[in-house]
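Here is a short briefing on a protein model with its ligand. Look at the ligand site, then at a pair of packed helices.

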Amino acid sequence: MPVNENVLVVFPSPAGVNENVNPIYLDNQATAAMSPGVLDAMIPYFSDGYGNPHSSEHAFGWRAGDAVDTARSQIADALGFDADEVVFTSGATEANNLALLGFDREECTSFAISAIEHKSVIAPVRERERNGSTAHVVGVDRDGRIDLDELRTALASGVAMVSVMAANNEIGTVQPLSEIAEMCRASGALLHVDAAQALPFGGFNAQVAAADLVSVSSHKAGGPAGVGAQPVFLTSAEGDRREPLPDAPRDEQRA
Ligand SMILES: Cc1ncc(COP(=O)(O)O)c(C=O)c1O
């Protein structure tokens, strides 16, 4: 099924419609306000308590480093991973790119995505295609649920990585992640889940933790914009952890 990569919808600016109207923001799946608790927790690190978490020679760096460690553990706990599996990125866009382009195993040359993935998944998969990989675009039904039979067929053809979103950014469809994870595991394919839209709503942890790589976004879930999203690498909280891939990005310096 072809993917339309060039859809552009232009909304009039609220001021252009009627300057006297005070618009109500209804686009919280694009970005949401920071939660007051997060803002309060972060403010000191922008004023008196700032420091470079990599400055290992002084207390300012240690304090910032401790704060990063705490955030990393909180994210890991929330998603059911270990702290050392969490890599911070600038957002889910970078996390998705990292997941799909970040390691270059020789055997990882065939991908499957659903037909309704975010452009930050489509673009790196297209990039992989330009470099010789195969991409299967698996169809969805009228509610946006991925066609599991079509996915099974793609997996049987030797797909090395499947990338699906947990919840769709436009119609809210929730994908059957447990079934998809089971199918990937049975065929030996890696599963990347773009959970950017799922994190704010919770309740996805078990399914999300069944993935090998997960992308989440901070600014859609009450956190700051432009920072704090992360893919989580290398496998399920349900036992049976895979060995880290030798060339997977493992930390922010390399990311
Ligand atoms: C499903 C999905 N994935 C990825 C992204 C990109 O997220 P970010 O803005 O954190 O880069 C979005 C943003 O709307 C999204 O809805």
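This is a predicted model. In it, a polar side-chain atom of His-219 sits 2.8 Å from an oxygen atom of the ligand. The protein covers 87% of the 390 Å² of accessible area that the ligand has on its own.

- For Thr-93, an N or O atom of the side chain is 2.6 Å from an oxygen atom of the ligand.

**The shell around the ligand**
- The ligand has 14 residues around it.
- Those that come nearest are Thr-93, Asp-194, Gln-197, Ser-217 and Lys-220.
- Sorted by class, the shell holds 9 polar, 3 nonpolar and 2 charged residues.
- Which helix gives the largest share of the shell? Helix H4, residues 92–101, does, with 3 residues.

**Packing of H6 and H7**
- Helix H6 spans residues 148–156, and helix H7 spans residues 177–187.
- The two helices pack with their axes 10 Å apart, at an angle of about 15 degrees.
- Angles under 35 degrees count as roughly parallel, so H6 is roughly parallel to H7.
- The crossing of H6 and H7 is right-handed.

Key:
Residues are numbered from 1 along each chain as its sequence is written. This is a predicted model: local features need pLDDT of at least 70, side-chain atom pairs count only at pLDDT 80 or more; totals for chains, interfaces and linings use all residues. Side-chain values use heavy atoms; hydrogens and water are left out. A residue is near a molecule or strand if one of its heavy atoms lies within 4 Å of it. A polar contact is a pair of N or O atoms within 3.5 Å; within protein, one must be able to donate a hydrogen and the other to accept it, and residues adjacent in sequence count only if both atoms are side-chain atoms. Accessible areas come from the Shrake-Rupley method with a 1.4 Å probe; for residues, only the protein chains shown count as cover. Helices (H or I, at least four residues) and strands (E, at least two) are DSSP runs, numbered from the N terminus. Ala, Val, Leu, Ile, Met, Phe, Trp, Tyr, Cys and Pro count as nonpolar, Asp, Glu, Lys and Arg as charged, and the others, Gly among them, as polar. Axes are lines fitted to C-alpha atoms, for helices over the stretch in contact, and angles run from 0 to 180 degrees between N-to-C directions. Angles under 35 degrees count as roughly parallel, over 145 as roughly antiparallel, 65 to 115 as roughly perpendicular and the rest as oblique. A crossing is left-handed if the near helix is turned anticlockwise from the far one by less than a right angle, and right-handed if clockwise.
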